[in-house]
Amino acid sequence: MPEGVLLLDAEGVTLLANPTTERHLAILAGASPGERLTRLGNRPLAEFLTSPPQGLWHEVSAGEHIFEVVARQIVDEPRTALWVSVIRDATQARQVRRRHEQQERLAAGGQLPAGMAHDFNNILAVIVLYAHMAEMSVDASHPVRRWMRIINDQSGQATNLVQQMLDFSRQSDMQFQSLDLFALLELQAQLLSRTLPEHIRLTLDAASDSDYSVHADATRIQQIVTNLAINSRDAMAEGGTLRISLAPLMFEPGDAPPLPAMGSGKWIRMMVADSGTGMAPEVRQRLFEPFFTTKVPGRGTGLGLAQAYGIVSQHRGHIDVESALGQGTIFMIYLPAASERPTADAEGDVVEDPRGLGETVLVVEDNASLREALGSVLTDLGYMVVEADDGETALTLVEGQGMQVDLIVSDVVMPRMGGIALLLVLRERGLQMPVILLIGHSFERQRTDLWGKGLSAWLRKPPLPAELAHAVARALHVGD
């Protein structure tokens with residue numbers, strides 16, 4: 001039987017026990033069948049020789065294990081009382097339930113940032129576009145140039161903050177590719193070794209003959225490592241060791257993986273361990289909640305680990321942590337292994353922003369300020385700009401009024417006909433002009449289908465002028 005079953009006499013001596021009970025008693029009481037029991041875990045045996053409320057079990061903890069116990073009395077003779085008891089190990093079931101509750105709690109907390117990101121990105125896009133234009137419109141010695149650079153830097157930080165919230169809410173747009181995780185971590189370790197304090201020793205451990213290929217977004221994986229390294233740095237104020245390691249894992253059907261939600265197959269485990277101060281259990285339980293932090297005000301937003309949790313989830317991976325006060329912390333990230341090794345990409349040369357030759361670009365955006373900013377950038381690049389406040393208006397201009405449009409740049413989310421619906425309707429009606437979509441959050445599933453519909457490019461909000469210039473030029477095949 002999967003549960004432990006035992007028979008006790010009135011003195012607590014185990015008269016009969018199945019093999020499962022032997023394992024349970026070794027953990028709960030350090031005892032074997034035939035010995036007298038006085039306790040289970042840290043509770044007296046007498047507490048379990050009672051009937052709990054109907055349908056309920058007594059619960060007892062022993063280290064990291066959680067057991068459920070129930071006992072019923074058997075009376076053979078008036079002078080002799082026997083107890084039959086069932087003990088079951090509920091550790092894994094509780095872990096699964098806790099992780100499920102945590103996932104539900106974190107998912108609910110992610111709805112607010114996901115809903116706000118679109119409006120924030122629109123505001124930031126206007127600031128970024130105009131600040132870049134203003135910076136480039138004055139002489140290099142003019143003080144306005146420095147002011148605009150500061151605005152651009154601060155806008156970039158605000159954009160990163162919105163990105164952290166999107167990562168946590170699992171709404172970020174990922175650029176998945178075949179990736180050699182070891183090669184990426186080698187470069188990341190070199191960068192960290194130059195930025196971490198000298199009293200922190202950094203090591204990277206991985207077998208050189210193993211395959212560490214994953215299907216992942218390189219930038220997001222680097223962000224995870226950076227966030228974990230920053231937390232380790234803060235936990236080792238007096239110095240210590242930060243160890244990053246990789247290991248390939250293989251689980252056959254029926255095997256017990258490290259986390260219950262993990263399936264069989266090939267996995268890559270990335271481990272980030274430090275020798276810092278560690279965490280108390282109550283801190284560990286809330287570790288991935290957004291805005292939860294134990295740092296003093298001004299030292300952290302409380303989004304770093306929440307961001308890491310969201311990124312791992314979007315990679316169909318899992319993250320776990322082991323820590324105790326004074327014993328350091330170990331983060332374990334499990335990513336599905338890729339079936340093919342990645343190929344190296346050639347690095348492209350940096351070129352100047354390409355300019356247009358008077359081509360007509362239709363900008364479709366419901367936010368008037370952002371629509372005007374996009375139009376100003378494109379006009380400055382040499383294009384003729386026409387504006388529409390939603391997809392239906394754009395269709396009227398293109399189809400109803402017969403306007404000759406060379407390219408459409410459209411927002412994805414709009415009150416009346418968004419950018420995706422606009423693209424699909426254009427193709428259904430035989431209109432083949434290129435389309436660039438502006439996105440504020442993930443649309444990975446739709447994008448897979450849209451490439452076949454002739455989507456030319458997509459840009460994250462807020463787009464930098466250079467990004468916009470190159471995307472438009474590629475779509476029009478103008479000098480790029």
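Predicted model: local features only at pLDDT ≥ 70, side-chain atom pairs only at ≥ 80, totals over all residues.

Tutor: Residues are numbered from 1 along each chain as its sequence is written, and side-chain values use heavy atoms, with hydrogens and water left out.

Student: Why is His24 called buried?

Tutor: Buried means under 20% relative accessible area, exposed means over 50%, and partly exposed lies in between (1.4 Å probe, protein chains only). His24 has 7% relative accessibility and therefore counts as buried. His24 belongs to helix H1 (residues 19-28); helices (H or I, at least four residues) and strands (E, at least two) are DSSP runs, numbered from the N terminus.

Student: What makes Ile87 a buried residue, and which residues does Ile87 contact?

Tutor: Its relative accessible area is 1%, so Ile87 is buried. Ile87 is located in strand E7 (residues 80-89). Contact means heavy atoms within 4.5 Å. Setting aside neighbours within four places in sequence, Ile87 is in contact with Glu3, Gly4, Leu6, His24, Leu25, Leu28, Phe67, Glu68 and Val69.

Student: Why is Trp57 described as partly exposed?

Tutor: Trp57 has a relative accessible area of 28%, so the intermediate class applies. Trp57 lies in the loop between strand E4 (43-44) and strand E5 (58-62).

Student: How do you know that the charged end of Arg88 sits over the ring of Trp57?

Tutor: The criterion asks that NZ of Lys or CZ of Arg be within 6 Å of the ring centre and within 35 degrees of the ring normal. The charged end of Arg88 is 3.7 Å from the centre of the Trp57 ring and is assigned as sitting over that ring.

Student: How many aromatic pairs are there by the rule?

Tutor: Rings of Phe, Tyr and Trp (its six-membered ring) pair if their centres lie within 6.5 Å; planes under 30 degrees apart count as stacked, over 60 as edge-to-face and the rest as tilted. The count by this rule is one aromatic pair. Phe182 and Tyr212 form that pair, at 6.2 Å centre to centre and with 35 degrees between the planes, and the pair is tilted. Phe182 is in helix H4 (residues 181-195) and Tyr212 in the loop between strand E9 (200-205) and strand E10 (213-216), 30 residues apart.

Student: What makes strand E12 and strand E14 a pair?

Tutor: Two strands pair if DSSP finds at least two bridges between them. Strand E12 (residues 265-274) and strand E14 (residues 329-336) have eight bridges, in the antiparallel sense. Both belong to an open sheet of five strands, ordered E9-E11-E12-E14-E13, with mixed pairing.

Student: Why do E9 and strand E13 (318-323) stand at the edges?

Tutor: Each has a single partner strand, so one side of each is left without a neighbour in the sheet.

Student: What makes a set of residues a nonpolar core, and how many residues has the largest?

Tutor: A nonpolar core is a set of buried Ala, Val, Leu, Ile, Met, Phe, Trp, Tyr and Cys residues joined through side-chain atoms within 4.5 Å. The largest has 38 residues, and Ile224 is among those with the most contacts inside it. Helix H5 (218-235) is one of the elements that supply at least two residues of this core; the largest share, six residues, comes from H5.
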